[in-house]
Amino acid sequence: MKMGNSSLVVSLPSRWIKMCNIKKGDVVDIKELSTGELVISPGEPLKAKKKVSISVESNNFEKVIIYSYLNGADIIEIKADASFTDNKLSQIYETLEFLSGFEIVEVFPDKVVVEYVGGEIPIKKLLKRVVLIVTNYLKAIVQIHKEGNPDSFKTLKRFREVDKVYYLILRTLLKSLRDTEFALRLGINYKDIVYYTMITRALMDTVKHVNKYSFFEKDQKLSTLWKKTLDYHMESFIFFESCDIEKILERMKDMEEFMKEIHSYDIKVDYLKPEKQQPIEDALNIMRAVLANIEENLETILLYSMKD
């Protein structure tokens with residue numbers, strides 16, 4: 001049948017429609033063969049979007065929004081019994097700032113609707129973003145003790161970009177467990193999910209430790225030790241790509257020697273005045289914790305590279 005000046009409409013046989021259970025609004029696939037023939041077949045059914053409704057009157061509704069995001073909600077309706085108060089709206093907007101890919105699509109006096117519009121980002125790409133953020137934290141600490149200026153470090157702590165990436169990684173990994181097709185599109189299997197979860201956890205532990213850092217004075221020895229810690233961190237994610245077993249084992253042995261160097265400096269700190277001694281010891285303890293996370297990631301990479 002002709003429609004308009006340049007389009008034709010194809011009528012599908014009613015018997016075939018019933019056999020394939022085709023309904024109004026369904027998608028069909030049309031494939032052109034080399035002979036010029038067109039083959040029509042039932043399309044993949046569109047998956048219904050996962051919709052969640054949350055009341056701001058419930059306790060800890062911000063956490064419920066985050067949990068819904070992590071569990072793969074596509075649409076979240078956030079409702080109030082009456083109109084939103086300014087405080088409730090501020091809580092909603094502050095929570096949504098940490099949920100990458102969520103956008104507000106509708107706003108009413110008593111309802112806010114948000115929808116996930118983000119794409120499918122490969123886990124490795126997301127992890128590299130976390131690695132870069134951790135790298136910037138460690139670089140800032142090196143500069144603190146080299147120049148005595150904590151401004152860049154304090155700015156990084158306020159920005160909290162790492163939380164957004166972390167939540168998106170968890171959302172992606174959880175969805176990969178539930179949705180086989182999604183996991184296949186991203187090239188993720190069950191072993192990968194365990195691997196990426198362990199790597200992410202160690203990185204976030206590093207962020208947690210570094211966020212406690214509070215010694216901002218010049219100290220060339222601390223600057224040198226943190227620079228070496230930074231180098232170990234950056235190198236560990238070269239191994240993340242290469243999985244070089246021999247070099248990983250070699251680096252883990254180097255780190256044992258480096259821990260002795262930290263201990264030697266710690267002994268010298270014991271002879272400083274008490275008001276300076278404690279802050280440096282706290283800084284060294286955070287450094288040890290960061291190195292333990294780096295070592296944990298090296299062990300995880302080592303185990304993963306031997307998985308076959």
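Predicted model: local features only at pLDDT ≥ 70, side-chain atom pairs only at ≥ 80, totals over all residues.
The charged end of Arg 171 sits over the ring of Tyr 116, 4.0 Å from the ring centre. Arg 171 also lies over the face of Tyr 69, here at 4.9 Å from the centre of the ring.

**The largest pocket**

Arg 171 turns up again when we look at open space in the protein. The largest pocket holds about 490 Å³ of space. Its lining is made of 21 residues, and those closest to the centre are Gly 72, Asp 74, Arg 171, Lys 175 and Phe 182. Which helices each supply at least two residues of this lining? They are helix H6 (161–178) and helix H7 (180–186). H6 gives the largest share, with 5 residues. Sorted by class, the lining of the largest pocket has 11 charged residues, together with 5 polar and 5 nonpolar ones.

**The largest cavity**

Rolling a probe the size of a water molecule over the atoms shows where empty space is left. In the whole structure, the search finds 1 cavity of 30 Å³ or more. The largest cavity has a volume of about 40 Å³. Among the residues that line the largest cavity are Ala 202, His 233, Phe 237 and Asn 297. Two or more lining residues come from each of H8, H9 and helix H11 (274–305). How many charged residues does the lining of the largest cavity have? It has no charged residues, and divides into 4 nonpolar and 5 polar.

**Aromatic rings**

A pair of aromatic rings is described by the distance of the centres and the angle of the planes. The count for this model comes to 11 aromatic pairs. Two of them are set out here.

| Pair | Distance of centres | Angle of planes | Kind |
|---|---|---|---|
| Phe 153 and Phe 216 | 5.9 Å | 55° | tilted |
| Tyr 166 and Tyr 167 | 6.0 Å | 35° | tilted |

Phe 153 is buried, because its relative accessibility is 0% and the buried class is under 20%. Phe 216 has 24% relative accessibility, so Phe 216 counts as partly exposed. Both residues belong to one aromatic cluster, formed by Tyr 137, Phe 153, Tyr 213, Phe 216 and Trp 226. In the other pair of the table, Tyr 166 is partly exposed, with a relative accessible area of 24%.

Is Ser 68 buried or exposed? With a relative accessible area of 11%, Ser 68 is buried. This serine is part of helix H2 (residues 61–70). Neighbours within four places in sequence aside, Ser 68 is in contact with Val 52, Ile 54, Ala 73 and Ile 76.

Ser 214 is found in the loop between H8 and H9. At 59% relative accessibility, Ser 214 counts as exposed, because the exposed class is over 50%. Ser 214 and Leu 177 are 37 residues apart in sequence, and their C-alpha atoms are 39 Å apart in space.

Key: Residues numbered from 1 in each chain as written. Heavy atoms only, no water. Helix = DSSP H or I, 4+ residues; strand = E, 2+ residues; numbered from the N terminus. Buried < 20%, exposed > 50% of the residue type's maximum accessible area, 1.4 Å probe, protein only. Contact = heavy atoms within 4.5 Å. 1 Å grid on protein atoms, 1.4 Å probe; cavity = no way out; pocket = protein on both sides within 12 Å on 5 of 7 lines; lining within 4 Å. Points joined across faces, edges and corners; volume = space filled by probe spheres on them. Nonpolar A, V, L, I, M, F, W, Y, C, P; charged D, E, K, R; others polar. Phe/Tyr/Trp six-rings, centres within 6.5 Å; stacked < 30°, edge-to-face > 60°. Lys NZ or Arg CZ within 6 Å of the ring centre and 35° of its normal.
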